[in-house]
Amino acid sequence: MFFRKYDGAYNFEKFKNDRQGFIDMIKKYTESDRLTDSIIGRIYDYGFVILDKIKQVIPYPEKLDFYPELKISGDLAEPREDGIKSLVGSIDLLVIDGEGNSYTFDFKTSPKEYSDYDSAKVRTFMYQLATYNRLLQRFGFKDYENKQYILPIRFENYRLSNRDEAIQNAENAIFVYDNIAWDKDDLVRDLTPSIKSDDSLNGHLDSFLPRI
Ligand SMILES: [Mn+2]
């Protein structure tokens, strides 16, 4: 919601000096009672922190366009045995600069610090981002014009709210958290170099979603 645009202005412009206004707007549009004022307020604070950071990592920060929750799709090299012919993805945040370069940002929430994520998990992120990259190529973006980032967000005091019920039936488990936090040093993780240099990952993707 922070990066959404209405009537020509992004919410972060519209609510620039109006934290409470942002909180009220989110509460109006979301049903969930798990999003407390304090958490929405933190999302607002976090939004401005990453907006700053995004402008730092982009070489042409003057004219940026933001596309939150962007749906993209593309055909597979060959239909799968079950008949599925294409892939659909939703990019958390795509940013395009004035030169036409694209930057993919994927928010990752976890009770852990990014540095404590296990390597298998980070590898799934690499696959995800590399897949977005290849789908973007189908919309005319060149491979080298796209950079891929992870934005880690940490849940504070993440816990089960209904332990007894959850023990009876795990499907009913409700997790809650009191706050979101971010580490200044781990605000944005550039996975582009590790994705680019990973021959096994790229070879695997070549087999069903080839580069264009
Ligand atoms: Mn995400």
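Predicted model: local features only at pLDDT ≥ 70, side-chain atom pairs only at ≥ 80, totals over all residues.

Reply: Asn157 counts as exposed because it has 9 C-beta neighbours inside 10 Å. Residues are numbered from 1 along each chain as its sequence is written.

Asn157 lies in the loop between strand E6 (146–156) and strand E7 (159–160). Strands (E, at least two residues) and helices (H or I, at least four) are DSSP runs, numbered from the N terminus. The phi of Asn157 is near 55°, a positive value in a residue other than glycine. Most residues other than glycine have a negative phi. Asp7 also has a positive phi, near 50°, and is not a glycine. Asp7 sits in the loop between strand E1 (5–6) and strand E2 (9–10), and it counts as exposed because it has 5 C-beta neighbours inside 10 Å.

E6 pairs with E5 in the parallel sense over nine bridges; two strands pair if DSSP finds at least two bridges between them. In this pairing Thr104 stands opposite Gln148 in E6. Between the two strands the chain passes through H4, and this β-α-β crossover from E5 to E6 is right-handed. Right-handed here means that, with the strands pointing away from the viewer, the path from the first strand over the helix to the second runs clockwise.

E6 has antiparallel partners too. Three bridges join E6 to strand E9 (residues 179–181), where the bridge partner of Phe155 is Ile180. Two bridges join E6 to strand E10 (residues 189–190), where Ile150 is partnered by Arg189.

Beyond E5, the pairing goes on. E5 (residues 102–110) runs antiparallel to E4, with four bridges, and Leu93 stands opposite Phe105 in E5. The hairpin of E4 and E5 has five residues between the strands, and Gly100 takes a positive phi near 90° there. E4 (residues 86–96) is in turn joined by ten bridges to the antiparallel strand E3 (residues 65–75), and Phe66 stands opposite Val95 in E4.

Next, the core. A nonpolar core is a set of buried Ala, Val, Leu, Ile, Met, Phe, Trp, Tyr and Cys residues joined through C-beta atoms within 7 Å. The largest such core has 21 residues, of which Leu93, Val95, Phe105, Tyr132, Tyr149 and Leu151 touch the most other members. The elements that give two or more residues to this core are H3, E4, E5, helix H4 (119–137) and E6. H4 gives the most, with five residues. Leaving aside neighbours within four places in sequence, Tyr149 is in contact with several residues, including Tyr103, Phe105, Val188 and Leu191; contact means that the C-beta atoms, placed from the backbone, lie within 7 Å.

Helix H3 (residues 37–57) has 21 residues and reaches 30 Å from its first C-alpha to its last, close to the expected 30 Å, where the expected span is 1.5 Å times one less than the number of residues. Its buried residues are Ile40, Tyr44, Ile50 and Ile54. They cover an arc of only 140° around the axis, which puts them on the same side of H3; the arc is that of the directions from the helix axis to the C-beta atoms. These buried residues pack against helix H2 (19–29), E4 and E6. The face of H3 turned away from its buried side carries the exposed residues Ser38, Asp45, Asp52 and Gln56.

Finally, the whole chain. There are seven helices and ten strands, and buried residues make up 19% of the 212 residues.

Definitions and conventions: Buried ≥ 20, exposed ≤ 12 C-beta atoms within 10 Å, placed from the backbone. Contact = placed C-beta atoms within 7 Å.
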